[in-house]
Amino acid sequence: MITLHNVSKSYNKNQILRGINLRIEPGEFVSIVGQSGAGKTTMVKILIGEERVGTGQVAIGDWDITRISKKEIPYLRRQIGVIFQDFKLLPKKTLEENVSFALEVSGGTSAKIKKVVPSVMKIVGLEDKRRRYPNEVSGGEQQRTAIARALVHQPKILLADEPTGNLDAINANEIIDLLLRINKFGTTVILVTHNKDIVNRLNRRVVTMEQGQIISDQAHGKYLL
Amino acid sequence: MQSFFRIIKFSFQDIARNVWLTIATITILLIALFSINILLTARVISDNAVVAVREKINISLYIKPDASDSEIMALKSQIAGSDKVKSVVYISKQDALESFRDKYKNDQAVLAALKELGRNPLSPSLTIVPKDFSQSENLINELRTIDSPIIESRDFSDNSVILSKINSITKRVNEVGMFLIAIFILTSLLVVYNAIRVAIYTHRQEIEIMRLVGASNFFIYMPYMVSAFVYALISILIVISVFYPFLSLLQPYLEAFFTGYNVNLLTYFVDNFSLIFGSQFLIVLLINVLASLFAVRKYAKV
């Protein structure tokens, strides 16, 4: 369960988040929508410990991460998988190596890497292309690699910040289908997007943000803006 | 253990990918280390020169052959009582003769002349060792004022001026050397800091991803610490491999210059190998690790 209680955040004199109250239950699929500058990405950054809240409280389960220490951040990030619009893959590593890298740098054993990496590559449907480099596959396949990398720690939460922003409609739908499949396994998925078609197709919970505030929270929502 | 090998692997990848930066960093470290060792060599040579010149300082009072033992011992005690005197050695007629024979054992002409003479022509003497060689002139003045009927002659072959010049040059060389070392240490710090900064810049994407996927801070900064260690190790190994042949080349010239004295730089550096190069390695390692820590903290936000 993710809880944000009265969270505010400002940079200099610009208030980015204003008194956000949000509760996301385990296993939910939540879309957070809003126009640019609404505060969506700041909220994502707070959830992964990249930014600190100004006021308020943030908790992941029983873990209060409001004042999380630098030492604890790596442990938080192993519990929350994150994917971004620009994929963030290493161009000189194969798709499989990009996925393994996440386990290598967090101290995973070789045995674990050998066991986990092929299985996540299979989940995202890239077992046949695992030896290719990012520039040899499509944008959709690159994003699927990023999802596989996010899954290697078997996170309870998957944060997708504009994952379809760089993709055409077909690839975008494939990624959303993959996220839905991952959600079916019990992983909480938080999708940050401003893609109206996707949000409307999903027919899941939609939290709408505007100027740093939540203006709507619908259980089976549509894109309002 | 696997993490350790991965850190080593990442570090060597860094070094190989930034090969020119590695070369520049090691070159600066080499210049600093060479300066330190050249200064140390100069120090050893000057110390030997000081010893050689000190041995040339001869402050002796020659005693009349007919002086009694009690008179000689009284004079010896009087001189030894001075606060400028470290010790007074009494050399009897017989000791002087034996020392003379030993000194000229290879010079048959001198020994033949001595035999021809048929008696011991040498006088007993008191050899005075000053407490402070730079103050030997004051001691000589004091000895000149001693009025004793048993003193036959006084020999003050004073090299204190040369000695004080050597001391002064040594002091100046040390001062300039320390200044140069300070500059090289500062330069090394900046160069290593910059090298790590550039390495971080070229790996910023990798570091960003590492942080994103939950790599521990230890895993992010350790490859740079290992690189710092490798820079220090390579530098010190190159210095050792170049400096010893250099000393071997220098040694014959030193032996020719300090004829009759045991001046062996090579032996000095071999005997003190661990102290000299161990401490230099530790200092360079400390500089590298500090510079890397600052760079990683600032640019990798660890």
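## A walk through chains A and B

Let's start at one residue, A:Ala160. Leaving aside residues up to four places away in sequence, A:Ala160 touches A:Ile83, A:Leu179, A:Val189, A:Ile190, A:Leu191 and A:Val192. Keep in mind as you look around that this is a predicted model.

As a bit of background, nonpolar side chains tend to be buried together in soluble globular proteins.

Now follow A:Val120 to its helix. Helix α4 of chain A runs over residues 110–123, which makes 14 residues. From its first C-alpha to its last it reaches 20 Å, close to the 20 Å expected at 1.5 Å a residue. A:Val120 is one of the buried residues of α4(A), and the others are A:Val116, A:Val117 and A:Met121. What covers them? The cover includes α3 (95–104) and α5 (139–151) of chain A. After α4(A) comes A:Gly125, with a positive phi near 75°.

Helix α3(A) deserves a look too. Is it mostly covered or mostly open? It's mostly covered, with 9 of its 10 residues buried. Those buried residues are A:Leu95, A:Glu96, A:Asn98, A:Val99, A:Ser100, A:Phe101, A:Ala102, A:Leu103 and A:Glu104. Their cover includes α4 and α5 of chain A, together with α1 (2–17) of chain B.

That last helix takes us over to the other chain. Chain B has 11 helices and 4 strands. Of its 302 residues, 24% count as buried. Among contacts in chain B between residues at least 6 apart in sequence, 85% join residues at least 24 apart.

So how do the chains meet? The contact takes 16 residues from chain A and 15 residues from chain B. On the side of chain B that touches chain A, α1, α8 (204–212) and α9 (217–257) each supply at least two residues. The largest share comes from α8(B), with 6 residues. By type, the residues on this side of chain B divide into 6 nonpolar, 6 polar and 3 charged.

Back in chain A, have a look at strand β8, residues 188–193, where you'll find A:Thr193. Why does A:Thr193 count as buried? It does so because it has 25 C-beta neighbours inside 10 Å, and 20 or more is what it takes. Not counting residues up to four places away in sequence, A:Thr193 touches A:Ser31, A:Val33, A:Glu162, A:Thr164, A:Ile198 and A:Val199. There's also A:Gln35, 158 residues from A:Thr193 in sequence but 8.9 Å from it in space, C-alpha to C-alpha.

Our last stop is a pair of strands in chain A. Strand β9 (residues 205–210) and strand β10 (residues 213–218) run antiparallel and are joined by 5 bridges. One example is A:Val207, whose bridge partner in β10(A) is A:Asp217. The two strands form a hairpin with 2 residues between them, and A:Gln211 in the turn has a positive phi of about 50°.

Conventions
Residues are numbered from 1 along each chain as its sequence is written. Chains are lettered from A and ligands numbered from 1 in the order in which they are written. This is a predicted model: local features need pLDDT of at least 70, side-chain atom pairs count only at pLDDT 80 or more; totals for chains, interfaces and linings use all residues. The expected span of a helix is 1.5 Å times one less than its number of residues. A residue is buried if 20 or more other C-beta atoms lie within 10 Å of its own, exposed if 12 or fewer, and partly exposed in between; C-beta atoms are placed from the backbone. Two residues are in contact if their C-beta atoms, placed from the backbone, lie within 7 Å. Ala, Val, Leu, Ile, Met, Phe, Trp, Tyr, Cys and Pro count as nonpolar, Asp, Glu, Lys and Arg as charged, and the others, Gly among them, as polar. Two strands pair if DSSP finds at least two bridges between them.
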